[in-house]
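Subject: Structure handover

Hi,

Here is the structure for you to work from. My notes follow below it.

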Amino acid sequence: MSGRKQWSLARQLLVLQAVIVGVLVAGGAALAWLDTSARARDSAAVSATAVARTVADSPSVVAAVAGPDPAGGLRPYARQVQADTGIDFVTIMDTTGVRYTHPNPDEVGKRFLGNTAAALRGHALTETYTGTLGPSVRAVVPVFDADRRVVALVSAGVTLEAIDRQVAGRFLSLLAVAGLALLVGGLGAYLVSRRLRRQTGGLAPEELARRIGHHEAILHAVREGLVLVDRDGRATLCNDGVRELLDLPDDAEGRPLAELGLPEDLVARLGSGEEMRDELHLTDTRVLVVNSSTVRVDGRPLGSVVTIRDRTDLQALSGELDSVRGFAESLRSQAHEAANRLHTVVSLVELGRAEEAVRFATEELEIAQRLTDQVVAAVSEPVLAALLLGKAAEASERGVELVIAADPGVSSVVAEDGPLPPRELVTILGNLVDNALDAALDNAEAAKPAVRVGVLVADGELVLRVADSGRGLDPGAVADAFRRGWSTKDRGGGRGLGLALVGQAIRRTGGRIDVGRDAGAVFTVHLPVGARR
């Protein structure tokens with residue numbers, strides 16, 4: 001690119017518009033001049049023909065032509081007609097073209113310069129011809145006697161010089177109109193250019209094209225989802241990231257958000273016009289963090305810019321971390337209890353009651369080992385075993401009986417690279433057990449808190465069954481239970497996300513969930529062992 005500063009798009013458009021307006025006005029003025037000149041000549045021909053016919057039809061002219069001194073009788077009459085009509089000349093002549101009258105007395109008696117053949121045949125003639133007075137528009141008509149014989153000819157005309165003077169008189173008006181049109185056109189071009197300069201920021205076409213190219217490249221390179229929404233709630237731009245995150249159709253741009261298959265709560269929030277800051281929204285298979293900002297030009301809202309980040313994996317990892325944290329907390333509690341029991345054993349030994357100390361230590365060890373053996377024997381898959389061991393310790397600490405029954409074949413279908421990734425099972429089983437523990441404790445006054453967990457492989461499916469001793473789930477609330485924000489407990493504090501995440505994980509693995517009722521709620525999840533993420 002050269003160092004010479006390029007004209008902005010607005011300036012180039014202004015110059016182009018000025019040239020176009022100038023050419024149009026100049027062309028219009030030239031056409032108007034030609035049209036006026038042609039009309040003036042036509043008007044002169046009509047006037048000359050009318051005057052010539054009037055003179056030819058005058059009885060005094062016919063009588064004078066037949067008299068002994070045609071020239072003497074016709075000259076005063078011709079001068080009077082010429083003065084009254086403004087015609088430049090009225091020439092009366094015999095059939096051979098010899099003039100009886102002429103504005104210049106020296107031309108009387110000489111032959112007429114022009115064509116008379118048509119008039120001699122009895123027809124009127126109009127022509128532009130150069131005679132003794134210069135170029136003129138003239139008419140030549142015959143003079144008939146009583147027997148309809150041509151006895152003389154009359155020519156009347158207007159010189160081109162007189163016509164040009166008449167047109168020139170109109171030229172000033174034409175010039176004023178053309179100047180006004182040029183002024184109005186120039187002012188309009190300036191206003192358009194000024195508006196365009198404001199909207200394009202005074203950029204040259206090359207700079208504007210380069211910026212647009214850079215913006216397009218950035219939009220498609222950014223992995224974060226980006227959507228531009230206009231004031232009518234239509235998606236005007238969707239980058240590659242948002243198409244992948246939301247599975248948008250190819251013709252998404254230009255369509256209302258409600259027709260793109262987005263969650264109803266997300267569509268409602270985007271249509272409200274309110275700005276969003278790191279709001280969490282769920283689709284069928286993803287956890288999304290949404291931000292939006294209103295776009296304003298000259299203080300007027302034009303729409304909003306929406307950015308969307310995928311938080312699915314992060315949410316799953318957070319769930320796993322919560323499970324690990326719970327497991328660690330359970331181990332801490334057990335370590336605290338073990339320390340208390342160890343102090344008891346030491347105190348019994350110090351008191352000389354060794355047998356009781358051994359019996360107490362052996363019983364506590366058997367209880368702890370029985371819990372570990374129960375979980376490990378039931379679930380050989382390490383991730384699930386760790387999860388359920390932590391939940392078992394938590395249930396024991398919270399006073400809930402947790403019964404686990406599992407199929408040894410579970411480890412063959414649960415693997416990081418297998419048909420069912422452990423992360424999905426941690427999300428599903430962890431949240432279901434947490435909800436079951438809460439439900440069992442909420443109904444502790446009516447029934448002994450208990451949770452039963454079953455894990456088995458049957459008919460090509462991994463079946464997870466979690467039942468509690470709570471109050472159960474109202475059948476009418478099943479459809480809403482897996483929607484973000486729904487909870488039987490207090491809606492504040494981030495409640496209502498666990499079952500929504502369970503539903504997402506089930507959909508990702510191609511499974512289904514059934515909600516029933518026994519003593520309390522029963523959740524049964526069926527996951528095909530051939531499903532992959």
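Start at Arg149, which is exposed, with a relative accessible area of 53%. The cut-offs are under 20% relative accessible area for buried, over 50% for exposed, and partly exposed in between (1.4 Å probe, protein chains only). Asp145 counts as buried at 16% relative accessibility. Arg149 and Asp145 form a salt bridge, with the closest N and O atoms 3.0 Å apart. A salt bridge here is a side-chain nitrogen of Lys or Arg within 4 Å of a carboxyl oxygen of Asp or Glu.

Some ground rules. This is a predicted model: local features need pLDDT of at least 70, side-chain atom pairs count only at pLDDT 80 or more, and totals for chains, interfaces and linings use all residues. Residues are numbered from 1 along each chain as its sequence is written, and side-chain values use heavy atoms, with hydrogens and water left out.

Overall picture

The protein has 14 helices and 14 strands. These are DSSP runs numbered from the N terminus: helices are H or I with at least four residues, strands are E with at least two. Of its 533 residues, 38% count as buried.

Salt bridges

The whole structure holds six salt bridges. Glu461 pairs with Arg512, the closest N and O atoms being 3.3 Å apart. Glu461 sits in strand S12 and Arg512 in strand S13 (residues 512-517), so the pair ties together parts 51 residues apart in sequence. Arg512 is partly exposed at 41% relative accessibility. Through shared partners, salt bridges join Asp145, Asp147 and Arg149 into one network.

Glu401 bridges to Lys448, with the closest N and O atoms 4.0 Å apart. This pair links distant parts of the chain: Glu401 is in strand S10, Lys448 in the loop between H12 and S11, 47 residues apart. Glu401 is partly exposed at 40%. Lys448 is exposed at 63%.

The S3-S4 loop

Arg148 lies in the loop between strand S3 (134-144) and strand S4 (150-159). Its phi is positive, about 65°, although it is not a glycine. Arg148 is exposed, with a relative accessible area of 59%.

Cores and H12

The largest nonpolar core has 32 residues; Ile428, Leu429, Leu432, Val451, Val453 and Leu464 touch the most other members. H12 gives the largest share of this core, eight residues. A nonpolar core is a set of buried Ala, Val, Leu, Ile, Met, Phe, Trp, Tyr and Cys residues joined through side-chain atoms within 4.5 Å. Of the 21 residues of H12, 16 are buried.

Leu429 touches Leu384, Leu387, Leu388, Val453, Val455 and Val466, not counting residues up to four places away in sequence. Contact means heavy atoms within 4.5 Å.

Strand S8

Asn291 is in strand S8 (residues 287-297). Asn291 is buried, with a relative accessible area of 14%. Leaving aside neighbours within four places in sequence, Asn291 contacts Met276, Arg277, Asp278, Val305, Val306, Thr307 and Arg309.

Best wishes
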